[in-house]
Amino acid sequence: MAGKSSGAVVGVDVGGTFTDLVELDQSSGRVRLAKVPSTLDNQAFGVLAALDASGCELAALDLIVHGTTTTTNAVLERKLARTGLITTRGFRDVLELGRRTRPHAYGMTGTFTPLIPRNLRLEVPERMDAGGQVVTPLDQDAVRQAARALLEMGCESLVIHFLHAYANPAHERRAAEIVADLWPNDHITMGHALLSESREFERGVTAAANAAVQPLLDRYIRRLMQELQRGGYAGDVLVMNGNGGMVSSAQVAKEAAKTVMSGPASGVMAAAYTGRKAGIGNLITYDMGGTSTDVALIRDAEPSVSNEIEIEYAMPIHVPMVDVRTVGAGGGSIARVNSAGLLEVGPDSAGADPGPICYGRGGTEPTISDANLLLGRLDPAGLNAVKGGVSLDHVRQVFADRLGAPLGLAPEEAAAAVIEIANMKMAGAMRMVSISLGADPRDYALFAFGGAGPLHAAALARELHIPRVLVPSRPGITNAIGCVVADLRHDFVNTLNTPLDALEPGQLARVFAAQAAQGEALIAREAIEIRGLRHLYSVDMQFVGQTHLLRVPLDRPDVTAGDLQALFDAAYFRRFRVALDDIRATLVNANCSVIGKRAELDLAALIDPAGRKATLQEARTGQRPVHVKGAWHDTPIYWRDHLPLAFTLPGPAIVQQMDTTLLIEPGDTASGDADGNILVEIGARP
């Protein structure tokens, strides 16, 4: 922050199982780390516990950057503020009708519950046409009556969502002015202000999600700031957004929906930063935590950001987010034999409390972590570190009873089957972000992090023919590191929906200029020192008559219609290997991202050179049998903080550290770099 001198920055990320913290002090080189159980009822307690566990002095900190799952959990679990909707007469059911899709690909089963129930969705006379012309004037008295009715029904938050407000927002703005005189707080969301696109269902759901989580995030941030200030902290808290950027705590609740997927985005930003420093710009990121696994694609050190993400069925939150795909496979994912006699893994998780059996906190269900323990991949001696912990024989007996007996397998065979199924689920998610989008995994490295990611990375890379695995110096707290290295960022989307042959000269450039100016003004309001501005431009396009959009990146904002047609044709061919030369293209959305670059941080500060040994042999701590590729191998064990920075280590080998364990499989070779990363070259696929 401008005017401060110590340079101490804290990144703290709340996950489904653990809350992770890293403090970097650039002036002294000091690094503090912490990993504590998450407190999901009130995440602020976990944040404060992590600060306390790390020994951070709040009064000495310049900046705290926070990744939170408050909004994500609220939406997925439907623990939302009571929210009302005022909409155009005849369109109260837009949020419920949705699109012609089904929860399951086959059959007509499945349910969907809209974020705002029907009795809280009220209509008023008003209508714009698609060109922005007034068809029916706004009935201002009806707006007042609707607002009063929603207040009487106990609504805390409000959405104003009119049919064609993206083309002309005058009615939404006037309705918001009227309601502001009646509403007891500022939790009023105008649909066009958050998302100015033409599709009323997606725009309405996005606005509804924003309004429904706005009071929750506002209360959480206020409580957190009060506790931090009580402890002596005088700075601001920047909150990670789902787009990989950050926003001040003073502004974050206004556009609360943008914090959905905040936690996963921070990990992707750390991966992009680390990969760029290591000279590897193309990455498939793989974050396996205690509850789930998140994967994403990074091209040329730039994470893929989309405003077309549906976080669950019929829940499109169309604000720009890092394109992260999530599967229910984490270290705590529960394995069971279903009624058909088949082995299932996840999506249910043992979480942090009670956690896997091996945590020794009362867990009784076999999990992926327990399977790794039985196969020798995790340190059995670690069981003794848990007060009142359990024995390895106890874990083996649970696998024998719950999985082995029904399947006719020995406990270790059942554990290997659990790992295989989990790997299949995670490989499927990686295919979704790569092959399904036209990217060849052979052109990428796998960036493995999270507390459990490095254990499974080599097997997944081999399955997908990914040639290399990059493991950062602190895999278990990478999301927290992402909070520290992320830049300020604001994204803007405006719908034009214009065929290219009808696009006016300079029209697109004027839209981009207005978006850029708005983003620069927002960044200027932040009390954070930046080192420069960067602008990213793109358009969403489609052929006339098509439904789905294709994003086309632009090198500059002043492109002609001819340039757009050529770029779209090339992007379409790369994606689908089909050329449609005789069909006209339509420019649907103009997208601009304004990025405020923060000062670079030295990742080498995360490693402790004093603990490094001169040779691999000195870093070796022991040996144990490890089950890999269907066989048991006597495997040497190394402590990562003792490894020389430059080394070559053939598999099989285990590398342990405070926050994770890395499995180097037979046939693979690992090496280290100056920033403390480990690069694993994957051997031939059997």
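P347 lies in strand β20. Strands here are DSSP runs of E with at least two residues, helices are runs of H or I with at least four, and both are numbered from the N terminus. A cis peptide bond joins G346 to P347, with omega at about 0 degrees. This is a predicted model: local features need pLDDT of at least 70, side-chain atom pairs count only at pLDDT 80 or more, and totals for chains, interfaces and linings use all residues. Residues are numbered from 1 along each chain as its sequence is written, and side-chain values use heavy atoms, without hydrogens and water.

Stay with β20. This strand (residues 343-349) pairs with β19 (residues 333-337) in the antiparallel sense, over four bridges. Two strands pair if DSSP finds at least two bridges between them. V337 has L343 in β20 as its bridge partner. Five residues lie between the strands of this hairpin, and G341 takes a positive phi near 80 degrees.

Two other backbone spots deserve a look. G651 and P652 are joined by a cis peptide bond, with omega about 5 degrees. P652 sits in the loop between β29 (648-650) and β30 (653-656). H465 is not a glycine, yet it has a positive phi of about 60 degrees. Look for H465 in the loop between α12 (453-464) and β22 (468-471).

Now turn to a sheet. Strands of a sheet pair through backbone hydrogen bonds, either parallel or antiparallel. Here four strands form an open sheet in the order β6-β5-β9-β10, with parallel pairing. Its edge strands are β6 (121-124) and β10 (188-190), and each pairs on one side only. Neighbouring strands are turned by 20 degrees against each other on average, direction ignored. Axes are lines fitted to C-alpha atoms, for helices over the stretch in contact, and angles run from 0 to 180 degrees between N-to-C directions. Four bridges join β5 (residues 83-88) to β6. Across this pairing, I86 stands opposite L122 in β6. Helix α7 (residues 200-230) packs on the sheet and touches β5, β9 (157-161) and β10. Contact means heavy atoms within 4.5 Å. The direction of α7 makes about 165 degrees with that of β9.

Of its 47 lining residues, the closest to the centre are A193, L194, K254, E255 and Q518. The elements β10, α6 (191-194), α7, β23 (488-499) and α14 (507-525) each supply at least two lining residues. On a 1 Å grid over the protein atoms alone, a pocket is an open set of points with protein on both sides within 12 Å along at least five of seven lines; a cavity is a set where a 1.4 Å probe fits but cannot get out; lining residues have an atom within 4 Å of a point. Grid points are joined across faces, edges and corners, and a volume is the space filled by probe spheres set on the points.

The count of cavities of 30 Å³ or more is four.

Rings of Phe, Tyr and Trp (its six-membered ring) pair if their centres lie within 6.5 Å; planes under 30 degrees apart count as stacked, over 60 as edge-to-face and the rest as tilted. The centres of F543 and Y572 are 4.9 Å apart and their planes stand at 70 degrees, so this pair is edge-to-face. It links distant parts of the chain, 29 residues apart: F543 in β24 (residues 532-543) and Y572 in α15 (residues 561-576).
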